[in-house]
Amino acid sequence: MTPVRPLTVAVPRGALLTQTLDLLDRLGIETAQVRSNDRRLLFEEVGIVTMRPSDVPTYVEAGAADLGITGKDVLTEQAERDFYELLDLGYGGCSMVLATIGGPDPSAEALRRLGVVRVATKYPKTAAAHFERTGRQAEIVEVKGSVELAPLTGLVEAIVDLTATGTTLRENNLIIREELFHSTARLIANPVAHKLRAAEIDDIVAALR
Amino acid sequence: MATIHPLPSGTRDVLPDEMRELRAVTAALLDVFTREGYGEVSTPALEHQEVLQRGGGAQPAYRVMDDHGQVLALRPDMTVPIARLAATRYADEEPPLRFCYLADVYRGARPHRGQMREFLQAGVELVGAPSPEGTAEVLRVLCAALDATGLAGYRLGVGDAALYPSLLETFAVPAQARETLLRDLVDRDFVGLERELGRLDLPGDARETLATVPSLRGGIEVLDGRPGTESLRRVHDLLEPAVAQRVLFDLGLTRDLGYYTGAVFEVYDPALGEPLGGGGRYDELLGRFGRPLPAVGFALGVDKLHIALAGEERAR
C-alpha cells in the first residue's frame, strides 16, 4: 500500500502559471521542463500536468490529479464538484465584477422598465447566483470569447467578468458597478487522495502556509 | 443507422459482459452478508414522500402523484425504508435485528462514471446494537464483504459526526457561525472555515482546535489527547487486527446525510477518485418511526466497487 508514484499536481496554464511554478520550486518539485516547453502537457516524471485553469477541478475531482491549483473564480463557478479547498495561496488576485457602459446605468434602466437585465458572462452559474441572491431577474447570456464586446454591441446591458487591473474594461468604456467577490489562487485536493496520501499532502500544505 | 431512443439522464443499460461481472461482485457481497446473519429484505422503490422526509436522509429527486393524489418519491437510499420496515414489521421483536439489501436507489446527482441517478447499492443495517459493539461488528462485516470481492487496496475512513458539533458547543460558538462552519466542513472548504474562525471572537486555543481538527487523519494516535473521541477509541479496541489496519481515523469526516449521530465511515480505494461507499450510526432514526433503537449500517455503490476492482486489476 506504499505509494510509489509522486503526487500528481494539476497546474494552470495562463496567468497563474509562473507563480504556480515558483511555488512548486519552493516545494522542491523540478519545474524547469515545464518552463522551457509550452507545448508538452504531461510531465509524469515530476508529477505535473498542465491545463486550462477551468479544467483543474475536473481532473482533481476524478482523481486524475491528486492536487490542483486554480483560481477561486473557477471553483465558485464549479461549486458542484467535489474536492477539498485546502489553502488560499494569495497570488493571482482579481475581482469578479458586474460592469456596464459608463454614464447612467443601463442595467438599472432595463430592470426598471423591462423587468429583466441581460448579462453576458463566461461564468453563467456565478452570475445567475448573484442576481438571484440580490432579488433581480436576469437573462444570462453565455459567451466564450471577449465578454467586453457584448454590451458595446447591444447584445446585453451588463457583463459579469473577472478583472485584475480593470484596464480592458476601461479601454472598452465599461465601468465597474458591483464587486461580487475577490479571487485568488487556491490549492485543492481530491477527496480520496486527501485521505490515502494524508502525510504527503499535509507536508505540502504546511510548506505553503 | 440506428434510430435514437434516448434514456433518461443518469440512467443506463447494462449488457451481458458487464452484468456477469456485476453479478459476481453482488453475489460475493450478499454471500458475506447472509453468512454474517443479515437477512435480505426488499422494499418498494416508491415510498410516501412524508416517510422519506421523516427519515431526514438524502433529498428525493423524483416524485410522482398516484391515482389518489398522494405524493410518492423514489427512495434516495435504503436506510430510511429499512428503518420504517424495522419499526413497523418488527415492532415487538427482540433486538438486535440484522438486514441486508441489494437495491436501486435514486438521487439527483450529476451523472458521471460510477455515479448515475439510478444506481445499485449493497449494504447492511444493524438495528438495536449500540456503540461500540454494533459499530465494530458492521466494520468487520464491511471488510469481510470487500475482501470477498477481491478488492485489495482499500482503507476505511472513520470519523464521528457528533465530534465537530460538540466542539462548537464546548467553545460556545454562536448559532449562526456554527451553521456556517458546519456547512464549510461538509463542503470541504477549509479556506472558508479558517476565514469564518478568524472572524469569531474566540480564545486562541479554541480557534486552533477548530481549525486543525478537520484535517487530523491517520492511525489511532490522532485520537490521543482529543476530547470527544473516546467512543471511537472504544470501537477501535474491539476491532480485529485485520480490520484495524484498514482503518484510518479522520476527525474531519462528515457525511452530508442528516441522520448520522455518531461514528461515520467511508471506503476509499486508490483506484477510484471518490469513496466507494460509506455509512455510520443513526441512533435517532428508528425513533422517528416509533421504535427508538440505536442502529448502524453501510452502503456500497456497486458500480464504484466494480470500477475500483477493474482499476486494481489494471494496475497489477
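Reader: Among contacts in chain A between residues at least 6 apart in sequence, what percentage join residues at least 24 apart?

Author: Happy to start there: 65% of those chain A contacts join residues at least 24 apart. A contact here means that the C-beta atoms of two residues, placed from the backbone, lie within 7 Å. Please keep in mind that this is a predicted model, where local features need pLDDT of at least 70 and side-chain atom pairs count only at pLDDT 80 or more, while totals for chains, interfaces and linings use all residues. Residues are numbered from 1 along each chain as its sequence is written, and chains are lettered from A and ligands numbered from 1 in the order in which they are written.

Reader: How many helices and strands does chain A have?

Author: Helices (H or I, at least four residues) and strands (E, at least two) are DSSP runs, numbered from the N terminus. Chain A has 10 helices and 11 strands. Its C-alpha atoms fill a box of roughly 65 × 35 × 25 Å along the principal axes.

Reader: Into which domains is chain A divided?

Author: Domain bounds come from an automatic or database domain assignment. For chain A, they give domain 1 (9-92 + 184-208) and domain 2 (94-181). The C-alpha centres of these two domains of chain A lie 30 Å apart. Their contact takes four residues from domain 1 of chain A and six residues from domain 2 of chain A.

Reader: What covers the buried residues of H3(B)?

Author: Burial is a neighbour count: a residue is buried if 20 or more other C-beta atoms lie within 10 Å of its own, exposed if 12 or fewer, and partly exposed in between, with C-beta atoms placed from the backbone. Helix H3 (residues 79-89) of chain B is mostly covered, with eight of its 11 residues buried. Among them are Val80(B), Ile82(B), Arg84(B) and Leu85(B). The cover includes helix H2 (49-55) and strands S2 (46-48), S5 (97-106), S6 (118-127) and S12 (295-301) of chain B. By contrast, Asp31(B) is partly exposed, because it has 13 other C-beta atoms within 10 Å. Asp31(B) sits in helix H1 (residues 16-35) of chain B.

Reader: At what angle do H1(B) and H11(B) pack?

Author: Two packed helices are described by the angle between their axes and the distance between the axes. Axes are lines fitted to C-alpha atoms, for helices over the stretch in contact, and angles run from 0 to 180 degrees between N-to-C directions. Under 35 degrees is roughly parallel, over 145 roughly antiparallel, 65 to 115 roughly perpendicular, and the rest oblique. H1(B) and helix H11 (residues 302-315) of chain B pack at about 105°, with axes 10 Å apart. H1(B) and H11(B) are therefore roughly perpendicular to each other. Glu21(B), Leu22(B), Val25(B) and Thr26(B) of H1(B) make the contact with Val302(B), Leu305(B), His306(B) and Leu309(B) of H11(B).

Reader: And how do H5(B) and H6(B) pack; what is the angle?

Author: Helix H5 (residues 163-170) and helix H6 (residues 175-186) of chain B pack at an angle of about 155°, with their axes 11 Å apart. That makes H5(B) roughly antiparallel to H6(B). Tyr164(B), Pro165(B) and Leu168(B) in H5(B) meet Arg178(B), Leu181(B), Leu182(B) and Leu185(B) in H6(B).

Reader: How many residues of chain B are in contact with chain A?

Author: 19 residues of chain B are in contact with 20 residues of chain A. Strand S7 (155-160), helix H7 (190-199), strand S8 (217-218) and strand S9 (247-250) of chain B each supply at least two residues of the chain B side.
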